[in-house]
Amino acid sequence: MKTMKAVRIHEFNGLEVVRYEDIPVPSPGAGQVLLAVHAAGVNPVDWQLTYGINQEFMQRALPTIPGFDVAGVVVETGAEVSRFSVGDAVYGQCDFRFDGSFADYMVSSVHRLDRKPGNLDFVEAASVPVGAMAAWDGLFRKDAIDLQAGQTLLVHGAAGGVGVFAVQFAKWRQARVIATGSAYNRDFLLDLGADRFIDYHNEAFEDCGEPVDAVLDAIGGDTQLRSRGLIRPGGVLASLVGEQWHGGPERDDIRKVVVHGGFIPEQLPEISRLLEAGTVRPVISHIMPLNEFAKALALSKTGHVRGKIVLQIR
């Protein structure tokens with residue numbers, strides 16, 4: 001029996017009890033491929049899973065492997081697979097219901113994968129899917145922001161895994177972008193395409209004197225409440241952190257939506273084209289080996305990461 005190294009959660013009691021262990025290599029079923037994982041992106045949902053957060057939605061059976069971003073090479077195909085062949089370099093977003101990418105190998109449905117953009121290495125590719133697809137969903141879905149050219153977008157948490165793509169996508173759509181962040185990220189965000197930067201430590205963003213058409217918020221709490229007053233009538237407050245806008249004066253003249261960033265198959269090929277054209281680029285803060293998963297998850301838990309942390313496996 002062939003075995004592999006994997007990170008596994010055996011109980012929902014936090015980062016300290018997650019194990020790095022040898023387990024059997026899985027086999028692909030119909031419509032699936034087996035990937036040799038080269039890199040896995042780290043997202044907040046990974047450390048949250050170790051505490052059982054969102055388990056009522058995910059319904060993961062224990063033990064379970066975290067990891068929702070993957071980049072790797074197809075090493076085996078299951079029945080009814082024609083889209084990919086052995087040797088193809090691919091990337092994608094893992095199904096939240098099943099074992100993920102924090103392992104030497106993983107099984108994935110083919111519809112969750114796209115060919116890796118040729119101008120990205122595996123680490124870069126693994127930093128993309130979850131953050132980019134959440135940003136795309138929030139900005140361009142008709143029942144979310146539905147951002148149009150010439151509109152003004154305020155992005156909270158603009159230097160994070162979703163925010164870095166939101167800024168770039170919005171500029172591609174020819175919108176005006178106001179980005180909030182710490183002073184450390186000022187030049188980085190302006191270089192990424194933001195038209196205006198607000199240091200949230202030293203400036204109240206609601207006093208910026210510039211009404212906006214939409215807010216994409218990755219912070220929540222008081223930030224979400226204060227954002228409402230900046231939005232033009234008919235505008236949109238889109239939350240990446242759930243419904244946290246209750247309290248204070250209500251705004252019945254704006255739409256409020258929660259962005260879950262779920263997988264929509266047609267989005268990833270669109271994002272791949274922008275990556276290959278150099279219109280958008282991934283942002284990586286840290287690259288770590290798989291056996292340093294605990295350090296990576298703890299760093300993600302701080303909430304102060306520019307772009308993405310990636311585990312390099314091969």
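## Helix α5 and its surroundings

Q174, which follows α5, has a positive phi, near 70°; helices here are DSSP runs of H or I with at least four residues, strands are runs of E with at least two, and both are numbered from the N terminus. The model is predicted, so that local features need pLDDT of at least 70 and side-chain atom pairs count only at pLDDT 80 or more, while totals for chains, interfaces and linings use all residues. Residues are numbered from 1 along each chain as its sequence is written, and side-chain values use heavy atoms, with hydrogens and water left out.

Helix α5 (residues 163–172) is mostly covered, with eight of its ten residues buried, where buried means under 20% relative accessible area, exposed over 50%, and partly exposed in between (1.4 Å probe, protein chains only). Those buried are G163, V164, F165, A166, V167, Q168, F169 and A170.

## Salt bridges

The whole structure holds 23 salt bridges, each a side-chain nitrogen of Lys or Arg within 4 Å of a carboxyl oxygen of Asp or Glu. One of them pairs D69 with K308, whose closest N and O atoms are 2.6 Å apart; because D69 lies in strand β4 (residues 69–77) and K308 in strand β15 (residues 308–312), the pair ties together parts that are 239 residues apart in sequence. Both D69 and K308 are buried.

R251 and D253 also meet through their side chains in a salt bridge (2.6 Å, N to O), in which R251 is buried, at a relative accessible area of 15%, whereas D253 is partly exposed at 35%. Elsewhere, salt bridges with shared partners join R176, R196, E203 and E210 into one network.
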